[in-house]
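I set out below what I looked up in this structure, entry by entry. Each entry takes up one topic.

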Amino acid sequence: MNFGKNNVATQTSDLKNRNRKTTTMILHSQEANRMNRKKVCIVGASGKLGRYMVRLALDKGYQVVGVCRESSVHKLDEFKERISIIPGLSNDRSVIQRAVDGCDGVLTVLVPWGVNHYSTGTAQAVLDFSPRDARLVFSCGWHISMDGKDVYSWKLKVLVKIFSWIVKALRFADISDQVEACRRIFASNKKWTVVRGSDLTEGASQGLPCWSEHVGDAILKSNLTHRIDFALFMVEALLNDNLIHKAPAIVGRLTPSAVAMGQG
């Protein structure tokens, strides 16, 4: 009589079948999660701000496409198994067209490198090629004004004027090109946000920065934000429709001016 052996064989077969079904369900679940994950492109991914945004976006479950100069691809080595990297200049329209294809959001570090319209070329390509309903979030500094109602100190005005003249004379950067890039963004009907950063420093996260619509508001007086929190604000803005068609000026949540206003 082989009843015992037959029973063991039957149980083993049932166990194998259950394991196969479980494995299939897990694979299907993983595939579904992958298909449901939102896709975000980060333009300027290899810089300090860009790498923070890559890490934060991955932590939130986004599929990430990074754009950076070919010479800077190695700076993204820690993420190379987890993201897609498209090397090239961000004002190369063909590079941006490929990078933003199918993206739900685009995070752009809007830098004014050189004197060949780098910022305007980058911004225009993102505006032209990003999907119609994609959330577009651009970074720049406080010197950008959307409505002309910002109030700048004489010190900041002088520093911006001198810095702009020096970097343009050296053909290193063109601040006026960044101004023009933002003017084009403000005129667009895409779902954009322009995040205007204060002075930046490194350090542990203080949480999501505070913001105001105009430079000169009391909450912004401290003029300092941790770079990781600038990145955090950029990534969080992807899901904040209240920031569409706004240019928030940000400051660190634990800075004296934010705490004084009860925001810390």
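**Entry 1: helix α7.** I first asked: how many of the 11 residues of helix α7 (residues 227-237) are buried? Nine of them are buried, and I recorded the helix as mostly covered. The buried residues of α7 are R227, D229, F230, A231, L232, F233, M234, V235 and A237. I used these cut-offs throughout: buried is under 20% relative accessible area, exposed is over 50%, and partly exposed is in between, with a 1.4 Å probe and protein chains only. Helices (H or I, at least four residues) and strands (E, at least two) are DSSP runs, numbered from the N terminus.

**Entry 2: basis and confidence.** I noted that this is a predicted model, in which local features need pLDDT of at least 70 and side-chain atom pairs count only at pLDDT 80 or more, while totals for chains, interfaces and linings use all residues. Residues are numbered from 1 along each chain as its sequence is written, and side-chain values use heavy atoms, with hydrogens and water left out. The chain has a mean pLDDT of 85 (the predictor's confidence in each residue, from 0 to 100), and 77% of its residues reach 70 or more. Over residues 22-35 the pLDDT is below 50. Beyond near neighbours in sequence, I found one contact for this stretch in the model (contact means heavy atoms within 4.5 Å). Where pLDDT is low, the predicted coordinates should not be read in detail.

Entry 3: I then turned to strand β4 (residues 105-109). Five of its five residues are buried, so the strand is largely enclosed by the rest of the structure. Both faces are covered, with G105, L107 and V109 on one side and V106 and T108 on the other. For pairing, I required that DSSP find at least two bridges between two strands. Strand β1 (residues 39-43) pairs with β4 in the parallel sense over four bridges; V43 has T108 as its bridge partner in β4. Strands β4 and β5 also run parallel and are joined by five bridges, and the bridge partner of G105 in β5 is R135.

**Entry 4: V137.** Which strand holds V137? I placed V137 in strand β5 (residues 135-141). V137 is buried, with a relative accessible area of 0%. Leaving aside neighbours within four places in sequence, V137 is in contact with V106, L107, T108, T193, V195, M234, A237 and L238. Among these contacts, V106, L107 and T108 are buried residues of β4, and M234 and A237 are buried residues of α7. I also looked up L243, 106 residues from V137 along the chain: their C-alpha atoms are separated by 9.6 Å.

**Entry 5: cysteines.** I searched for disulfides (pairs of cysteine sulfur atoms within 2.5 Å) and found zero.

**Entry 6: aromatic pair.** I found one aromatic pair. The ring centres of F186 and W192 are 5.4 Å apart and the planes are at 50 degrees, so the pair is tilted. My criteria were Phe, Tyr and Trp rings (for Trp the six-membered ring) with centres within 6.5 Å; planes under 30 degrees apart count as stacked, over 60 as edge-to-face and the rest as tilted. F186 and W192 are both buried.

**Entry 7: salt bridges.** A search of the whole structure gave 10 salt bridges, each a side-chain nitrogen of Lys or Arg within 4 Å of a carboxyl oxygen of Asp or Glu. I examined several of them.

- E78 and R55 form a salt bridge with their closest N and O atoms 3.0 Å apart. E78 lies in the loop between β2 (63-68) and β3 (84-87) and R55 in helix α2 (residues 48-59), so the pair ties together parts that are 23 residues apart in sequence. E78 is exposed at 51%, whereas R55 is partly exposed at 32%.
- K191 and D133 meet in a salt bridge at 4.0 Å, N to O. This pair links distant parts of the chain, 58 residues apart: K191 is in strand β6 (residues 191-197), and D133 is in the loop between α4 (118-129) and β5. K191 is partly exposed at 32%, and D133 is partly exposed at 48%. I noted that R132, D133 and K191 are linked in a network of salt bridges.
- E180 and R183 form a salt bridge, the closest N and O atoms being 2.8 Å apart. They are three residues apart in helix α6 (residues 175-186), a separation of about one helical turn.
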